[in-house]
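Let's take a friendly look at how a few side chains sit together in a protein. Have the model open beside you as you read.

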Amino acid sequence: QVRLVESGGGLVQAGGSLRLSCGASGSIFNINDMGWYRQAPGKQRELVAGISSSGTTNYADSVKGRFTISRDNAKNTVYLQMNGLKPEDTAVYYCHVNAKTTLLGARRDYWGQGTQVTVSS
């Protein structure tokens, strides 16, 4: 089983910055893609940013140029640096990991518990 622990959310004024972290632990054989999703009240969960095992990144159009995703493979940790935050970025942010727990096992998706990000205007 893989456990994800997120940190770094909070309340910030518009234009401010936050850095989210998500560490994976447990019976991990290897991790493929890692990423961050968010869900605002009354809306569907959406991809914010993703990063492959080789470091290829992709971003939602709404955060391009403001957010940066990175990962530390040695620590099984993914980060999301969020700059120029806007009130519309307010949401619960979820860490996502696609991983294998054994050599021959199937890849599975794992989710963090979510961390609240609130941006005041």
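The report below covers an aromatic pair, a charge over rings, and a serine in a loop.

## About the model

This is a predicted model, where local features need pLDDT of at least 70, side-chain atom pairs count only at pLDDT 80 or more, and totals for chains, interfaces and linings use all residues. Residues are numbered from 1 along each chain as its sequence is written, and side-chain values use heavy atoms, leaving out hydrogens and water.

## The aromatic pair

A search of the whole structure finds 1 aromatic pair. The ring centres of Tyr37 and Trp111 are 5.0 Å apart with planes at 70°, so the pair is edge-to-face (rings of Phe, Tyr and Trp, the last by its six-membered ring, pair with centres within 6.5 Å; planes under 30 degrees apart are stacked, over 60 edge-to-face, the rest tilted).

Tyr37 belongs to strand 4 (residues 30–39) and Trp111 to strand 10 (residues 108–111), 74 residues apart. Strands here are DSSP runs of E, at least two residues, numbered from the N terminus.

## Arginine over the rings

Arg45 lies over the face of Tyr94, 3.8 Å from the ring centre, and also over the face of Trp111, at 4.8 Å. For Arg, this needs CZ within 6 Å of the ring centre and within 35 degrees of the ring normal; for Lys, the atom is NZ.

## A serine in a loop

Ser52 lies in the loop between strand 5 (46–51) and strand 6 (57–59). The C-alpha atoms of Ser52 and Arg71 are separated by 9.1 Å.

Terms used. Helices (H or I, at least four residues) and strands (E, at least two) are DSSP runs, numbered from the N terminus.
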